[in-house]
Amino acid sequence: MLQFDGLEGATLPAKPLHLAIGIFDGVHRGHQSVIGSAIHSARHCGGMAGVLTFWPHPSAVCRPENPTRLLMPSAIKRTVLERLGLDFIIEQNFTPEFAGISAGEFVALLRRHLPHLDTIYVGENWRFGRDRAGDVTLLIEEGRKVGLAVYSAPRLLLGDAPISTSRIRELLARGSIEEANSLLGFAYFTEGVVVPGRQLGRTIGFPTLNVAWVPEFQPRHGVYAVEVAAAQGQALRGVANYGLRPTVGTATEPLLEVHLLDESKLDYGATITVRWLHFLRPEAKFSSLDELRAQIGRDRENARQSLAKRQANKISKDA
């Protein structure tokens with residue numbers, strides 16, 4: 001997959017370009033619907049399918065006092081987008097100058113930098129241009145002037161509400177990880193390097209992997225049943241704690257620790273992916289290390305049961 005930093009550097013073959021445009025934070029099922037339409041059309045006509053996305057989030061420029069906290073860092077978003085089967089990604093630096101481009105100028109800008117652009121794909125509620133003045137109706141009008149088709153995908157519903165990144169943030173903040181995963185279309189995951197810790201877990205019989213992970217948006221502090229994958233692709237069961245560890249210290253920033261339920265040789269320096277699957281309990285302060293040790297034992301067992309039930313359900317669905 002081709003990757004470009006900005007429209008100015010995007011050099012693409014002389015083929016019809018089908019371009020999905022959006023922030024696509026989380027790359028949830030609604031985003032996948034928009035992007036999937038671009039991919040399907042490109043494959044049908046022998047063109048190329050790509051995404052134009054933005055970094056940082058426009059709110060960091062337009063309202064820096066209260067920016068939107070992103071679910072995914074740029075590198076993770078690119079990883080998920082690539083898995084969808086795209087031919088190229090353009091990540092545009094969202095600067096004050098870029099924010100000042102009017103809605104009408106935006107379409108002309110696309111045509112100038114992407115002369116083989118054929119069709120634009122967006123969600124039905126997408127806004128663009130200075131002060132977010134442009135909507136889908138204007139995009140269709142401006143696109144027609146320069147020979148571009150526009151496809152607007154309707155919002156997907158799950159239950160009685162649209163799938164949206166803000167809804168996923170609310171679910172993660174409550175610890176409703178399974179519902180969040182349903183909206184995403186995949187398990188919420190984090191990536192980080194295993195780093196040295198205080199090794200307190202070893203002293204109480206539950207060694208942990210300390211994962212270097214500092215997200216913009218923090219999910220609910222607590223204990224989760226997880227799966228861990230390393231570079232070699234091995235999937236390992238685990239129980240993770242994300243929070244301030246109030247029983248054993250006075251941390252000011254939350255930490256992600258994973259205790260593996262399966263044997264592993266993972267060590268410092270390994271890059272691991274943690275897939276969050278089930279919320280077990282909120283973070284709590286215990287009166288002693290013995291009380292903490294007993295609770296971790298219960299967490300281990302609850303995680304085993306949760307992961308076993310998930311595996312059984314998966315086998316049943318696949319049968």
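Reader: In which helix is Ala 312 found?

Author: A caution before the answer: this is a predicted model. The helix in question spans residues 289–318. Ala 312 falls inside that range, in helix α10.

Reader: Is Ala 312 buried, partly exposed or exposed?

Author: Buried would need under 20% relative accessible area, and exposed over 50%. Ala 312 has 44% relative accessibility, so Ala 312 counts as partly exposed.

Reader: What distance separates the C-alpha atoms of Ala 312 and Glu 82?

Author: Along the chain, Ala 312 and Glu 82 are 230 residues apart.

Reader: How many strands form the open sheet, and in what order?

Author: The open sheet has 6 strands, and the pairing is parallel. Its edge strands are β1 (2–5) and β6 (149–153), each of which pairs on one side only. From one strand to the next, the twist averages 20°. The order is β1-β4-β3-β2-β5-β6.

Reader: How many bridges join β2 to β5?

Author: Strand β2 covers residues 17–21 and strand β5 covers residues 117–123; the two run parallel. One of the pairs is Leu 17 with its bridge partner Leu 117 in β5. The number of bridges joining β2 to β5 is 4.

Reader: Which residues does Val 136 contact, leaving aside neighbours within four places in sequence?

Author: Val 136 lies in helix α6 (residues 136–145). Its relative accessible area is 12%, under the 20% limit, so Val 136 is buried. The C-alpha atoms of Val 136 and Tyr 151, 15 residues apart along the chain, are separated by 9.0 Å. The contacts of Val 136 are Val 122, Gly 123, Glu 124, Trp 126 and Ser 152.

Reader: In what order do the strands of the barrel close?

Author: The barrel is made of 6 strands, with antiparallel pairing. Its twist averages 45° from one strand to the next. The order is β9-β10-β13-β12-β11-β14.

Reader: Which residue is the bridge partner of Val 228 in β12?

Author: Strand β11 (residues 222–229) and strand β12 (residues 235–243) run antiparallel and are joined by 8 bridges. Elsewhere in this pairing, Val 226 stands opposite Gly 238 in β12. For Val 228, the bridge partner in β12 is Leu 236.

Reader: Which residue of β13 is the bridge partner of Gly 238?

Author: β12 and β13 pair in the antiparallel sense over 6 bridges. β12 is mostly covered, with 7 of its 9 residues buried. In β13, the partner of Gly 238 is Leu 260.

Reader: At what angle does helix α8 run to β14?

Author: Helix α8 (residues 177–184) lies across β11 and β14 (271–282). The angle of α8 to β14 is about 130°. Helix α10 packs on the sheet as well, touching β11, β12, β13 (255–260) and β14. The direction of α10 makes about 105° with that of β14, while for α8 the value is about 130°.

Reader: Which residues touch the most other members of the largest nonpolar core?

Author: This core has 50 residues, and its largest share, 5 residues, comes from α1. Apart from it lies another core of 30 residues, among them Leu 19, Leu 114, Val 122 and Leu 148. Contacts of Val 228 include Leu 236, Val 258, Leu 260, Leu 266 and Ile 272. Touching the most other members of the largest core are Val 228, Leu 266, Ile 272 and Trp 276.

Reader: How many disulfides does the model have?

Author: The test is a pair of cysteine sulfur atoms within 2.5 Å. As for individual cysteines, Cys 45 counts as partly exposed because its relative accessibility is 41%, and Cys 62 is exposed because its relative accessible area is 55%. By the distance test, the count of disulfides is 0.

Methods
Residues are numbered from 1 along each chain as its sequence is written. This is a predicted model: local features need pLDDT of at least 70, side-chain atom pairs count only at pLDDT 80 or more; totals for chains, interfaces and linings use all residues. Side-chain values use heavy atoms; hydrogens and water are left out. Buried means under 20% relative accessible area, exposed over 50%, partly exposed in between (1.4 Å probe, protein chains only). Contact means heavy atoms within 4.5 Å. Two strands pair if DSSP finds at least two bridges between them. Axes are lines fitted to C-alpha atoms, for helices over the stretch in contact, and angles run from 0 to 180 degrees between N-to-C directions. A nonpolar core is a set of buried Ala, Val, Leu, Ile, Met, Phe, Trp, Tyr and Cys residues joined through side-chain atoms within 4.5 Å.
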